[in-house]
Structure formats: structure tokens, C-alpha cells
Amino acid sequence: METLSSNPGNNVSVAPKPRKKRKKGTWQSLVQQKYLYLMSMPFVIWLFVFNYVPVWGWTMAFQNYKPAKSFTDQKWVGFKNFVDLFQDERFYLVLRNTLAMSVMGLIANFIFPIAFAVLLNELRGKFFKRTVQTVSYLPHFVSWVVVAGIITKMLSIDGGVVNELLMALHITNEPIQFMAQGKWFWGIVTASDVWKETGWNAIIYLAAITGIDKELYEAARVDGAGRFRQIWNITLPGIRTTIAVLLIMSIGHLIGIGFEKQFQLSNSLVTDYSEVLDIYALEYGINISRFSYGTAISMFTSVVGIILLLAANGIMKKTTKESIM
């Protein structure tokens, strides 16, 4: 303890200044956590090899790429492939289909898993709850080839369950050709995706719900809150962060929805409604050896996806204070 001697009659105690903790250096941190870094190295290598190295292939979008030639012998054409892409009327039709099915799928696969997880959490019987959960996520492991066959058979005009039910209820007098009319295709794809993925997507919401403090529910019941009030005031706010993160990630994949379900459910009668960007890149790029054109399409999809991800993250961060970056 230090004392001030300027006034001998009054000794005033002065607390010593706390010592500043020295920050650990990067090398010291690496040494202390070397096993953790070593465990993560396989994933880092995998990520680099399969996600960053292929980005070098984007250079093909600015070339008239010929597989037989080396990189230095390729002819550079600048933005010609992108100009051709944006001048193609078919591209805008495909973009319409992609955005329409993406938005419909985003809304459906955002609402249904949350609602299913909340309702499943309210079940009291553990055996019945586990059975329902298990049955619900099994379709996720079924191939889209099998799912497309099931959906096609159910919607068939020749003994299809859906048409038989509609006629039995006198909703229609004759079978509806669901698979031959483009106006039904977007809804069929969205409904099929919801049936296949709702149970699987609900797992992460159920995990988030189990992390909510049970004492909050007990306090709410003491205050007279019913189940709906508990869901609205405790459950949904408790998983808000999870909802925000998954929504941001879904928006980032808004334009890159793949092609499996569209390709399997499509036929020549609904091509104008079923063709998406990935199918367009395959048919008008790879299949006719226009590798540079196909690369330009894929590059456009990736860049737009990054922009949407950053925009969604920025909006969420300002409105809800939730973000992934």
C-alpha cells in the first residue's frame, strides 16, 4: 500500500495500478491449441481443394475454351459469353422459372419446418413423438428418382390417387393432366420438396427448442399462459437466431436451386416451366461443347448468390441484429 507524504497529518492510501495482461501472441496460441488446429486441417484442405481451387475454372468464361489446347493457347474473348447470355431470350425464361420455384420453395421450406418443429415439440407422448419425427425425416434419404416416380404415379390420369380422390369428392368429372400442364409444375415441385425435406429441416429447429430454459415455460404456466401464448412468447423468440441464420443461408442459395427435382419431374410438355439455370447450363453449354458459355452461366449464378447472401445478411443485421458474418 502506497501513502502520500505531502501532508504528514493525513496519510491517504492509494491503490496500486493493476498490471495489464499481456496478450498472447499468434505463435503461442498455435502452440497451445495445436491439436485443435491439427484436427481441423483435413476439413481446411478439403475446403480449399474442392471450393477454392475450382474457382480458377472461371477463367474459361472469358475464353473461347477448347479442351485440346493449353491454358496459354486459349483465345480470350473478354465478356462476349456474358453478352451472348444476356441477349438470349431463353435465358430470361429460365431465370423466371428459377426465381419462381426458388421463392416458392424458400417460403414453403421456411414456414413448414418451423411449424412442424413447434407442433412436434408440443407432443407429450415420447414414443409417439419419436415415431413421428423418425417417419417425417425418412423421405430425405429417398432419391429424387424414386420421389419423381411416386409423384408421377400419384398424379397419373390412369389410376392416380389424387385424381381418384378428386373424382370421388366430385371436385372434377374427369382426370386432370397435372404432369402435362406447365401451370401446375411449380406447385408440384414445391409440394414434393416440402414432403421430402420438412422433417429433415425441422431437426435443427427441434435442437434449438430443446436449448430453451424450461423454467421459462413453468413461469409462463404459473402466470396463466396457455400453449399458444408459450409458443408465441417463448418458443419462437428462443429460436429466433436459428431462424435468422437459416433464412440468410437460404436466400444465398435462392438462385442456385440445383436441377435434380426439376429434371426428374419434367417432360417435353412442360419444358418452358421446368427448365432452370443449371439445366440451361447443361443443355446449352456442356452438352453442345460450349464450355465457356456454360461457365459464364454458372459464374453468374454464383455471383448473384453471393450478392443475395451479403444483402440478406446486411438487412437482417440492421433489422433484427442477427447475422452470420
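Me: Which loop holds His170, and is His170 buried or exposed?
Reply: This is a predicted model, in which local features need pLDDT of at least 70 and side-chain atom pairs count only at pLDDT 80 or more, while totals for chains, interfaces and linings use all residues. Residues are numbered from 1 along each chain as its sequence is written, and side-chain values use heavy atoms, with hydrogens and water left out. His170 is found in the loop between helix H7 (161–168) and H8, where helices (H or I, at least four residues) and strands (E, at least two) are DSSP runs numbered from the N terminus. Buried means under 20% relative accessible area, exposed over 50% and partly exposed in between (1.4 Å probe, protein chains only), so at 69% relative accessibility His170 counts as exposed.

Me: What is the phi of His170?
Reply: Most residues other than glycine have a negative phi. His170 is not a glycine, yet its phi is positive, at about 60°.

Me: Which residues have the most contacts inside the largest nonpolar core?
Reply: A nonpolar core is a set of buried Ala, Val, Leu, Ile, Met, Phe, Trp, Tyr and Cys residues joined through side-chain atoms within 4.5 Å. The largest one has 19 residues, and helix H4 (89–121), helix H6 (144–154) and helix H8 (182–210) are the elements that give two or more residues to this core. Apart from it lies another core, of 16 residues, among them Ala117, Ala202, Ala220 and Ile239. In the largest core, the residues with the most contacts are Met101, Ile151, Leu155, Phe185, Ile188 and Leu265.

Me: What does Leu155 contact, leaving aside its neighbours within four places in sequence?
Reply: Contact means heavy atoms within 4.5 Å. With those neighbours left aside, the partners of Leu155 are Val162, Asn163, Ile176, Phe178, Met179 and Ile188.

Me: Is Gln63 buried or exposed?
Reply: Gln63 lies in strand E3 (residues 63–64). Beyond neighbours within four places in sequence, Gln63 is in contact with Phe71, Gln74, Lys75, Trp76, Val77, Asn81 and Ser292. Its relative accessibility is 1%, so Gln63 counts as buried.

Me: How far apart in space are Asp84 and Ala296, C-alpha to C-alpha?
Reply: Asp84 belongs to helix H3 (residues 80–87), and with a relative accessible area of 25% Asp84 is partly exposed. In sequence, Asp84 and Ala296 are 212 residues apart. In space, C-alpha to C-alpha, the separation is 9.8 Å.

Me: What does Ile231 touch, not counting residues up to four places away in sequence?
Reply: Ile231 lies in helix H10 (residues 227–238) and is buried, with a relative accessible area of 16%. Ile231 and Leu95 are 136 residues apart in sequence and 38 Å apart in space, C-alpha to C-alpha. Not counting residues up to four places away, Ile231 touches Val118, Glu122, Leu236 and Pro237.

Me: What is the mean pLDDT of the chain?
Reply: pLDDT is the predictor's confidence in each residue, from 0 to 100. Of the chain's residues, 92% reach 70 or more, and the mean is 86. Over residues 1–6 the pLDDT is below 50.
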